[in-house]
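Try each task on your own before you read its solution.

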Amino acid sequence: MRMKDELVIAGIPVRSRLITGSGKYRDESIIKDVLEAAQCDIITIALRRIDFDNPSENILKNVPSGKHLLPNTSGARTAEEAVRIARLARAMKCGNWIKIEVINDQKYLLPDNHETILATETLSKEGFVVFPYMTPDLSAARRMVDAGAAAVMPLGAPIGSNRGLQTRELLEIMISEIDIPVIVDAGIGKPSHATEAMEMGADAVLLNTAIASSDDPVSMARAFRLAVEAGRTAYLAGMPGESRTARASSPLTGFLDS
Amino acid sequence: MSIRIVLNGTSQDVTAGMSVLEFLQSRSIDPSHVVVEVNRSIVNRDQFANCRFKDNDTVEILRFVGGG
């Protein structure tokens, strides 16, 4: 009998393999409904200066209790800046999970793996549960594991590009070789991309733009939930190999040729 | 008397001796929704009432927003 299929991150069971971001919503009040439709347990947030003209603005009022908050270090250009943001995020008293995002490149928003490894090491030692966002690279991922990462989050394509798993070969290698959860983050633009990642054996996917920027985010959240479940179920079922030639589905022995 | 601080990157005058908590209340900011850093040191929430701004302090007041 198969064991219960459960994602465990840093010893904590997580029910949903779909992680969503909270950015880019035209109306943040629908985030509650989006999370419900996605049946999502983990949601990412960012830390920014307060808007003195709108001091009561608070993203957390839209997030039901019981969800795991995953603040990111967006805006950081170096490991040092990521560590500073992470410490500030923890001082908000909403847990010790942190998504490390260190980006120097403003055109493609590609993460700096070297600085990310350094930040992972420092923050893991300080007791954070660290989720590094990374360019898919096996050596870098191994260094992040050694540095104490709870999961690694390789990108499928640049943030917000909706281009799917352009890094497919590298993702497959990471999924095959890395023993901690591999969460495909960024680039997933439609449900079929999420299914593809899960069929490959990714442990989870993280996406934001595809839901938040759709015409109907609640329906799209549901579509992604189904897509992630479909891909995961297919992965566990074990997909048959491909062939260049046909393999008949009906018996070839019949009555017309006998 | 007022002192000058750099608040979220902008120079600003505040009443001398004002605490972090008094400042937040004066701007209708819920202290439980923000994190405060003074001169690169995090001020714990239980210290908001005791921490008073000094001339030339660099202050950051941050809160969570939507993000991916």
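**Exercise 1. Across the chain boundary**

Task: Find which residue stands opposite A:Ile45, and work out how S4(A) and S5(B) pair.

Solution: Begin with the single pair. A:Ile45 stands opposite B:Gly66, which belongs to S5(B). Keep in mind that this is a predicted model. Next, widen the view to the two strands: S4(A) and strand S5 of chain B (residues 58-66) pair in the antiparallel sense, over five bridges. Now take in the whole contact, to which chain A brings 28 residues and chain B brings 19 residues. On the chain A side, strand S4 (42-49) and helix H2 (79-90) each supply at least two residues. S4(A) gives the most to that side, with six residues. Finally, sort the side of chain A that touches chain B by class: 14 residues are nonpolar, nine are polar and five are charged.

**Exercise 2. A hairpin in chain B**

Task: Describe how S1(B) and S2(B) are joined, and decide whether S2(B) is largely buried or in the open.

Solution: Start with the pairing. Strand S1 (residues 2-7) and S2 of chain B run antiparallel and are joined by six bridges. For one example of facing residues, look at B:Ser2, which stands opposite B:Thr15 in S2(B). Then move to the turn: the hairpin has two residues between the strands, and B:Asn8 takes a positive phi near 50 degrees there. Strand S2 of chain B (residues 10-15) has six residues and the number buried is zero, so S2(B) lies largely in the open.

**Exercise 3. Two helices side by side**

Task: Work out how H6(A) and H8(A) are oriented to each other, and what kinds of residue make up their contact.

Solution: First take the geometry. The axes of helix H6 (residues 191-200) and helix H8 (residues 217-237) of chain A come within 7 Å and cross at roughly 25 degrees. Angles under 35 degrees count as roughly parallel, and H6(A) and H8(A) are therefore roughly parallel to each other. Their crossing is right-handed. Next, look at who meets whom: the H6(A) residues include A:Pro191, A:Ala194 and A:Met198, while those in H8(A) include A:Phe224, A:Val228 and A:Tyr235. By class, the residues of this contact of H6(A) with H8(A) are 11 nonpolar, three polar and three charged.

**Exercise 4. One alanine and its surroundings**

Task: Decide whether A:Ala140 is buried or exposed, and find which residues A:Ala140 touches beyond four places away in sequence.

Solution: Locate the residue first: A:Ala140 lies in helix H4 of chain A (residues 138-146). Now count neighbours. A:Ala140 has 20 other C-beta atoms within 10 Å, so this alanine is buried. Leaving out residues up to four places away in sequence, A:Ala140 touches A:Asn113, A:Ile117 and A:Met134. A:Asn113 is 27 residues from A:Ala140 along the chain, yet their C-alpha atoms are separated by 6.6 Å.

Terms used:
Residues numbered from 1 in each chain as written. Chains lettered and ligands numbered in written order. Predicted model: local features only at pLDDT ≥ 70, side-chain atom pairs only at ≥ 80, totals over all residues. Helix = DSSP H or I, 4+ residues; strand = E, 2+ residues; numbered from the N terminus. Buried ≥ 20, exposed ≤ 12 C-beta atoms within 10 Å, placed from the backbone. Contact = placed C-beta atoms within 7 Å. Axes fitted to C-alpha atoms, helices over the stretch in contact; angles between N-to-C directions. Parallel < 35°, antiparallel > 145°, perpendicular 65-115°, else oblique. Left-handed = near helix turned anticlockwise from the far one by under 90°. Nonpolar A, V, L, I, M, F, W, Y, C, P; charged D, E, K, R; others polar. Pairing = 2+ DSSP bridges.
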